[in-house]
Number of protein chains: 2
Amino acid sequence: MQIAIDAMGGDLGPRATVWGAAEALLIHPELEARLHGPIDILEAELARLPRRLHGVSSRLLLSHAPQVIPQGLKPSSALRASRDSSLALMLADVASGRASAGVSAGNTGALMALSRRALGTVSGIPRPAISTAIPTRGGGRCYMLDMGANIDASAQRLVEFALMGSIMARQIDGLARPRVALLNVGIEATKGTASVRQADALLREIHEVNYVGFVEGDGLFSGSIDVVVCDGFVGNIVLKASEGLARMLIERVQATFDAHWGSRLVSLLARPALHRLKRRLDPVRYNGASLLGLSGIVIKSHGGADAQGFACAVSRAVQEVRIDLPAHLERELGQQSVISSVVCGRRDSGFPTRSKPQDFNPER
Amino acid sequence: MQIAIDAMGGDLGPRATVWGAAEALLIHPELEARLHGPIDILEAELARLPRRLHGVSSRLLLSHAPQVIPQGLKPSSALRASRDSSLALMLADVASGRASAGVSAGNTGALMALSRRALGTVSGIPRPAISTAIPTRGGGRCYMLDMGANIDASAQRLVEFALMGSIMARQIDGLARPRVALLNVGIEATKGTASVRQADALLREIHEVNYVGFVEGDGLFSGSIDVVVCDGFVGNIVLKASEGLARMLIERVQATFDAHWGSRLVSLLARPALHRLKRRLDPVRYNGASLLGLSGIVIKSHGGADAQGFACAVSRAVQEVRIDLPAHLERELGQQSVISSVVCGRRDSGFPTRSKPQDFNPER
């Protein structure tokens, strides 16, 4: 299995991606990683790999990409930009079938737009959603989508997210009937925006989804829901707020120990445990995010991820390749689109067919 | 100073409100609290007050209210319901001037609708926003509004929230130029919904607000912003998600200690500190929320608040009474409405005047 990697994205750049790819190869002995980026930078980073990762270096393939898409570049500009960027060449590997999946920690908007152009979407999905798993009480996890790819989501789009999230939780996590909920400001049917109220009505008719109704914000972490659906505006804000809060809380736990006890012994003892916890709880940094609905597997690693975080994103890609998640989405959404057309026929002419980037505004 | 209290709201009912009011009286020697509820229930609760609170019982006045507005009742039904409810009678005290402010831990939608009918709004504000202070890094705090009163907020409404939040932070917290930001999915002007992009453009023209631009979700807790503005859908979900996450994190910190160290000593030592921290960090439970924009002072205590939490809500009411926050809002928004009419004239005929409940749908 070969995974293509955009080595130039993320806050730490190749320092995190090259090392992270090597970490992933250590975990997956059958894996090869093809790194895209300026060859001199990649070679320099490879030369700095710690000794314990030297054994995997023969499975780290380097591919020269002269261009890098900067973090701030708009998706529309990225689409017009040179096809020699590390991001575009990584995606070309996936599109050609040379690689089974692609991973990038770079510009999310550019990754969305270029992935969609390079790979297209599965039938019935006009535009992918971004989904990641967040940790929940009781040690479980919950998929949240969309995390920012679809700022305004109609009821129909929210229903698609519910279908895709449900298929992912079933196929990847082996849940028989994943519990799917819509994020809202209350659990009564009269609460919320027009989109969530319409999506609620639609989902009650789709028996292939184990739809459990509305969930409020605290339900995200309750452990009682497997897939939480919302538009990308809310999803992105909630995820980033959670990151910020988690960081603040861990700092304060540490500060509380430092301040309150005469002896700093407890504080010192607590430090490694807190560090471990910080890792495990940072809801985005240590999980790859799936671009769900593409006709191919692309994982977005968090921009702030270190090598360990990036390795997790690569492992996520491996998981989705093993299951062949896009094939499941294609097959099940194909069946669903019949069901949904019936349900939605009143207000919608059914799902659009496989779409190309021309019909979306990449600025949003 | 007299504060009127709806003693029947909240998950714990009079157990939290009566005791909480007494706690507040202990802190504020000049204060009287007038408790509204079924007299037999109030008397029974008063008889159970712990000894250390006996000294304040002469300042706890009881007022018989035969009806209670249940938690699930819709605002429209609450508006039609008997005026003998503990909530309505509490508000009547505020409207008549007998009490300087009112506090309730009950049904938020009903509280909003009845407050607006009883007190009206300050000039230029069609509908109040709910605002609470959340803890930030570095031990500071940040006001967030709206937290759920306005599910869909136009650019104009977001601008009003920014103005009100800025005035509150200046008057109550003594900040010279509170930093005000709009919550969004990115900091570039092209990001986000139409409303936030329009509000961004409008706020750049209003020099009375120290507007610093967009902030992402993690900015809420960063300590670099004093007032974060968003619509009530996002605000409510973010706040409740934060509550859920804070609860989960503290549990996991405790579990990490229990699991990882042979000796449970550290865990036992950590317990009280964690408990204190849990209190301080629960972003909503231990702060009252202001119904900002009413022509009167009404504080919503968290439904899950215990006596300590309810006492904090009463203290918040006292603070706003001392400053006479509605008078500041009335005066400054009166001036602002001139400025804003000029700015907004292109797309809006200026601020509506003082409004009555007829023109809003209390279900949303």
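**Note on the chain A–chain B model**

1. Chain A and chain B bury about 5000 Å² between them, and carbon and sulfur atoms give 70% of that area. The model is predicted. The contact draws 55 residues from chain A and 53 residues from chain B. On the chain A side, Arg137(A), Phe233(A) and Arg252(A) lose the most area to chain B. Together these residues make up 13% of what that side buries.

2. Chain A holds an open sheet of eleven strands with mixed pairing. The order is E3-E2-E1-E4-E11-E10-E5-E6-E9-E7-E8. The edges are strand E3 (60-64) and strand E8 (210-215) of chain A. Each has a single partner strand, so one side of each lacks a neighbour in the sheet. From one strand to the next, the twist averages 25 degrees.

3. Look next at E10 (residues 289-292) and E11 (residues 298-300) of chain A: they pair in the antiparallel sense over two bridges. Ala289(A) stands opposite Lys300(A) in E11(A).

4. Two chain A helices deserve a check against the sheet. Helix H2 (residues 39-47) of chain A lies across strand E2 (32-37) and E3, and runs at about 155 degrees to E3(A). Helix H7 (residues 194-203) of chain A packs on the sheet, where it touches strand E7 (179-183) and E8. The direction of H7 makes about 155 degrees with that of E8(A).

5. Chain B also has an open sheet of eleven strands, in the order E3-E2-E1-E4-E11-E10-E5-E6-E9-E7-E8, with mixed pairing. Strands E3 (60-64) and E8 (210-215) of chain B are at the edges; each has a single partner strand, so one side of each has no neighbour in the sheet. Neighbouring strands are turned by 25 degrees against each other on average, direction ignored.

6. In chain B, E1 (residues 2-6) and E2 (residues 32-37) pair in the parallel sense over five bridges. Ile3(B) has Ala33(B) in E2(B) as its bridge partner.

7. Helix H5 (residues 108-119) of chain B lies across E4 (101-104), E5 (129-135), E10 (289-292) and E11 (298-300) of chain B. Helix H5 runs at about 180 degrees to E11(B). Helix H6 (residues 155-173) of chain B packs on the sheet too, with E6 (141-145) and E9 (227-229) among the strands touched. Its direction makes about 150 degrees with that of E6(B).

8. The axes of H1 (residues 14-27) and H10 (residues 307-323) of chain B come within 7 Å and cross at roughly 55 degrees. The two helices are therefore oblique to each other. Their crossing is right-handed. By class, the contact has nine nonpolar, four polar and one charged residues. Residues of H1(B) in this contact include Trp19(B), Glu23(B) and Ile27(B); those of H10(B) include Phe310(B) and Val314(B).

Note on methods:
Residues are numbered from 1 along each chain as its sequence is written. Chains are lettered from A and ligands numbered from 1 in the order in which they are written. This is a predicted model: local features need pLDDT of at least 70, side-chain atom pairs count only at pLDDT 80 or more; totals for chains, interfaces and linings use all residues. Side-chain values use heavy atoms; hydrogens and water are left out. Axes are lines fitted to C-alpha atoms, for helices over the stretch in contact, and angles run from 0 to 180 degrees between N-to-C directions. Helices (H or I, at least four residues) and strands (E, at least two) are DSSP runs, numbered from the N terminus. Angles under 35 degrees count as roughly parallel, over 145 as roughly antiparallel, 65 to 115 as roughly perpendicular and the rest as oblique. A crossing is left-handed if the near helix is turned anticlockwise from the far one by less than a right angle, and right-handed if clockwise. Contact means heavy atoms within 4.5 Å. Ala, Val, Leu, Ile, Met, Phe, Trp, Tyr, Cys and Pro count as nonpolar, Asp, Glu, Lys and Arg as charged, and the others, Gly among them, as polar. Two strands pair if DSSP finds at least two bridges between them. Buried area is the accessible area (1.4 Å probe) that two parts lose on being put together, summed over both.
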